[in-house]
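Reader: I have just opened this entry and would like to learn how to read it. Could you walk me through it step by step?

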Amino acid sequence: MRAVVISKPGRAAVAEITPPQTTAPTDVLIRTLAVGICGSDVGIFRGKSPFVTYPRIPGHELAGEVVAVGRDVTHIAPGARVVVDPVISCGSCYACRVGRANCCANLRVVGVHVDGGMAEYLAVNRKQVYPVSNSLPPHLAVMCEPMSIGLQACVRGRICEDDKLVIIGAGSIGLMVLLAAKAKGAQVLISDIVPYRLQLAEEFGADRTVNSQQSDLFAAVSRFTDGEGASVVIEAVGAPSTISQAFSLACAAGRVVILGITNQSIEFPLQKIIGRELDVYGSRVNNGLFPQAIEMVERHQSLLAKLVNEIVDFHSLDDATRIFLDRPGEAGKLVVTTCYR
Ligand SMILES: [Zn+2]
Ligand SMILES: [Zn+2]
């Protein structure tokens with residue numbers, strides 16, 4: 001089968017490899033229909049992901065069709081349209097024992113620690129497979145994974161209708177956080193430096209958008225919160241400067257959720273954390289939120305269609321590196337598909 005293999009940082013190629021098989025009775029063999037490319041895939045390609053090992057077939061945002069199931073798989077049958085939760089956990093470590101398998105000590109993420117969906121076929125455990133309706137186009141179904149990330153950040157930040165939330169970053173993930181937070185009734189200010197993304201954020205329901213290159217974000221947040229500061233700040237960029245900014249924007253007794261990741265070291269804002277008694281949370285993939293994410297994606301199809309702005313045919317993809325190029329100036333979701341020809 002064809003697969004995109006990142007052999008080492010900076011090197012990706014389309015290769016012919018042996019297809020996977022359903023070896024375990026709990027396995028589900030999936031034919032990939034669409035795979036979303038996100039910032040973390042670009043990070044894997046550039047060698048900037050702290051978690052990945054090489055060589056790797058990337059692809060953790062995927063939609064497909066079941067082609068075969070092991071004998072113990074009963075919830076899904078060949079022919080079903082599905083999405084895949086990329087989280088694989090051990091079930092026995094402390095995190096797993098306390099119900100937080102998404103940050104399992106032995107966590108493996110499809111497309112990061114194990115080979116992912118940028119291949120014609122993929123075998124995964126039945127626990128990771130969720131059916132979606134046949135009417136959900138595969139290039140939008142891939143958004144279930146980013147949506148689960150947005151939901152997880154809101155769970156971590158305990159977002160509720162009393163919150164005045166600031167989201168730093170209106171890329172695909174920031175916009176998913178926005179949808180999840182609006183569903184919980186929060187008022188949301190979102191910032192970015194790309195006008196196109198901020199325009200999308202308005203369409204996605206932001207109460208306030210701020211171009212932080214053109215105006216002072218701190219002053220805008222102050223106005224938005226009547227001088228108090230944000231009850232919750234969710235950082236969805238992953239740059240040292242925006243991470244430290246997140247702490248400055250939170251009000252006393254507020255919460256800060258760090259979603260963006262960097263392998264650069266950042267300054268630890270001790271005085272702000274203790275002085276304002278901030279709750280600081282990391283947010284990692286998702287913890288059992290796929291059913292909710294699927295429901296959100298099915299409900300918001302027309303909005304999400306505005307975000308997916310480039311579709312590449314997997315079969316005519318010759319230069320694999322081109323899908324990992326940075327797409328500055330766009331919110332840009334590129335989806336590689338095998339199903340539209
Ligand atoms: Zn992603
Ligand atoms: Zn575990």
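Author: Gladly! Let us start with a cut-off: buried means under 20% relative accessible area, exposed means over 50%, and partly exposed lies in between. Arg158 has a relative accessible area of 44%, so Arg158 is partly exposed. Keep in mind that this is a predicted model.

Reader: Which residue forms a salt bridge with Arg158?

Author: The general idea is that side chains of opposite charge can pair when their charged atoms come close. Here the partner is Asp279, with the closest N and O atoms 3.5 Å apart. The pair links distant parts of the chain, 121 residues apart: Asp279 is in strand 15, and Arg158 is in the loop between helix 4 and strand 10. Asp279 has 28% relative accessibility, so it counts as partly exposed.

Reader: How many salt bridges does the structure hold?

Author: There are eleven. One of them joins the side chains of Glu61 and Lys333, at 2.8 Å from N to O. Glu61 belongs to strand 4 and Lys333 to strand 17, so this pair ties together parts that are 272 residues apart in sequence.

Reader: Is Glu61 buried or exposed?

Author: Apply the cut-off again: Glu61 has a relative accessible area of 1%, so it is buried. Lys333 also counts as buried, because its relative accessibility is 1%.

Reader: What are the protein donors of the zinc ion (ligand 1)?

Author: Glu61 turns up again: its OE atom is a donor, along with SG of Cys38 and NE2 of His60, at 2.1 to 2.3 Å from the ion. Along the chain these donors follow the spacing C-x21-H-E. Cys38 and His60 are 22 residues apart, the former in the loop between strand 3 and helix 1, the latter in the loop between helix 1 and strand 4. Both Cys38 and His60 are buried.

Reader: And which residues are the protein donors of the zinc ion (ligand 2)?

Author: That ion has the SG atoms of Cys90, Cys93, Cys96 and Cys104 as donors, 2.3 to 2.4 Å away. To read the geometry, look at the angles: the four donor atoms subtend 99 to 120°, and therefore the arrangement is tetrahedral. The spacing along the chain is C-x2-C-x2-C-x7-C.

Reader: Last one: how do strand 1 and strand 2 run?

Author: They run antiparallel, joined by six bridges. Val4 stands opposite Val14 in strand 2. Two residues lie between the strands of this hairpin, where Gly10 takes a positive phi near 85°.

How values were computed. Residues numbered from 1 in each chain as written. Chains lettered and ligands numbered in written order. Predicted model: local features only at pLDDT ≥ 70, side-chain atom pairs only at ≥ 80, totals over all residues. Heavy atoms only, no water. Donors = N, O, S within 2.8 Å, 3.2 Å for Na, K, Ca; no water. Helix = DSSP H or I, 4+ residues; strand = E, 2+ residues; numbered from the N terminus. Buried < 20%, exposed > 50% of the residue type's maximum accessible area, 1.4 Å probe, protein only. Pairing = 2+ DSSP bridges. Tetrahedral: all angles 85-135°; square planar, octahedral: opposite > 155°, others 65-115°. Salt bridge = Lys/Arg side-chain N within 4 Å of Asp/Glu carboxyl O.
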